[in-house]
There are 2 protein chains.
Amino acid sequence: MYLSRPAEYALRASTYLARLEPGKRVTSSQLAQAVDVPPAFLSKIMRRLTANGIVDSKKGHHGGFVLARPPVEIRFLDILRAVEFGPIKDHCLFGLGNCNADNPCPLHVEWEILKQQIEQWARTHTLGESLNAAQAFKQKQA
Amino acid sequence: MYLSRPAEYALRASTYLARLEPGKRVTSSQLAQAVDVPPAFLSKIMRRLTANGIVDSKKGHHGGFVLARPPVEIRFLDILRAVEFGPIKDHCLFGLGNCNADNPCPLHVEWEILKQQIEQWARTHTLGESLNAAQAFKQKQA
DNA sequence: AACTCAATGGATTGTCAAGTCCATTGAAAT
DNA sequence: ATTTCAATGGACTTGACAATCCATTGAGTT
């Protein structure tokens, strides 16, 4: 495992939204069903996406969630950051507070390389890329 | 977070072993102290490293652990695999059982890219690289 | 042979992230 | 105005992973 549940769920949900007709709103529980995550928990995650301007929410009748911007403008990084991705960036494998390029722990350099790659990945991929996959959701194992 | 505690601890401990004079044995509790992980828990992790031939253990007087091979021959991948790294490799973000290149989930391709990069990283780096870092262990935040 | 030291294995407990519940707020429909 | 629908926020519970405990095994020492 290397993505928290909230992170994984947030990616699922926003990918689902990206694949809807633009502008179409979907309620949290519809989303939860489609994307197969516990409703109450997803609701919580959606709040974070809303607070971070990734999604727009509307209450009441015909309320629900839409992406706040076109999919190609939403980077994975934006989504991951919205649900706490931070700790990764500055986490020393050895738990040293003072671990940096000048004063590196034994694995600092190698670890840095991986962290950079991951962040690079998250920065360069967007929801736009998810749009034309054949298989969508809910086709669980036979 | 994206490394389990056991994974992080295993890396710490084996890096520590790599930095000792070759052949020097260290007990689990010395290790635990040096590397700052709970003794009983580290002990458990060391068993896995032993079982996977990464480390050699000896009981009783002057017993303890040594690396089973020279540091340059121990890849991060070996260590991570020893403490359960597997689930990552074949984990679909959407929880679909039947997600693959032919029948991809909406994020399959992008996710695959990242997974590959991570595995590539783990395969190409070894404990040998940790040998000449300046700062070693235990210099915790001031 | 008796003693000590240290790894092993498994059962047990603790903790925090994951997940649930419920009362409140706000927006639209009648 | 009232009702209904859906998001919001926070308090609460649960479960999985992290960590502890203890009895056993095996290897040196004397």
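## Helices, hairpins and ring pairs

Over all chains, the structure holds six aromatic pairs. One of them joins A:Tyr9 and A:Phe41, whose ring centres are 5.8 Å apart with planes at 85 degrees, so this pair is edge-to-face. Here is the rule: rings of Phe, Tyr and Trp (its six-membered ring) pair if their centres lie within 6.5 Å, and planes under 30 degrees apart count as stacked, over 60 as edge-to-face and the rest as tilted. Since A:Tyr9 sits in helix α1 (residues 5-18) of chain A and A:Phe41 in helix α3 of chain A, the pair ties together parts that are 32 residues apart in sequence.

A quick word on what you're looking at: this is a predicted model, where local features need pLDDT of at least 70 and side-chain atom pairs count only at pLDDT 80 or more, while totals for chains, interfaces and linings use all residues. Residues are numbered from 1 along each chain as its sequence is written, chains are lettered from A and ligands numbered from 1 in the order in which they are written, and side-chain values use heavy atoms, leaving out hydrogens and water.

Now for the helices. Helices (H or I, at least four residues) and strands (E, at least two) are DSSP runs, numbered from the N terminus. Axes are lines fitted to C-alpha atoms, for helices over the stretch in contact, and angles run from 0 to 180 degrees between N-to-C directions.

| Helix pair | Angle | Axes |
|---|---|---|
| α1(A) and α3(A) | roughly 75 degrees | within 10 Å |
| α2(A) and α3(A) | about 115 degrees | 9 Å apart |
| α1(B) and α2(B) | about 105 degrees | 10 Å apart |

Let's start with α1(A) and α3(A), which are roughly perpendicular to each other. (That label covers 65 to 115 degrees; under 35 is roughly parallel, over 145 roughly antiparallel and the rest oblique.) Their contact (heavy atoms within 4.5 Å) includes A:Tyr9, A:Ala13 and A:Leu17 from α1(A), and A:Phe41, A:Ile45 and A:Leu49 from α3(A). Its residues divide into ten nonpolar, no polar and one charged. For these classes, Ala, Val, Leu, Ile, Met, Phe, Trp, Tyr, Cys and Pro count as nonpolar, Asp, Glu, Lys and Arg as charged, and the others, Gly among them, as polar.

Next up, α2(A) and α3(A) are roughly perpendicular as well. Here A:Ser28, A:Leu31 and A:Ala32 of α2(A) touch A:Pro39, A:Leu42, A:Ser43 and A:Met46 of α3(A). That contact has five nonpolar, two polar and no charged residues.

Over in chain B, α1(B) is roughly perpendicular to α2(B). B:Arg12, B:Ala13, B:Tyr16 and B:Leu17 of α1(B) meet B:Leu31, B:Ala34 and B:Val35 of α2(B). By class, this gives six nonpolar, no polar and one charged residues.

Finally, the strands, which pair if DSSP finds at least two bridges between them. In chain A, β1 (residues 55-58) and β2 (residues 64-67) run antiparallel and are joined by four bridges. A:Ser57 has A:Phe65 in β2(A) as its bridge partner. Five residues lie between these strands in the hairpin, where A:Gly60 takes a positive phi near 70 degrees.

In chain B, β1 (residues 55-58) and β2 (residues 64-67) pair in the antiparallel sense over four bridges. B:Lys58 stands opposite B:Gly64 in β2(B). This hairpin has five residues between the strands, and B:Gly60 takes a positive phi near 65 degrees.
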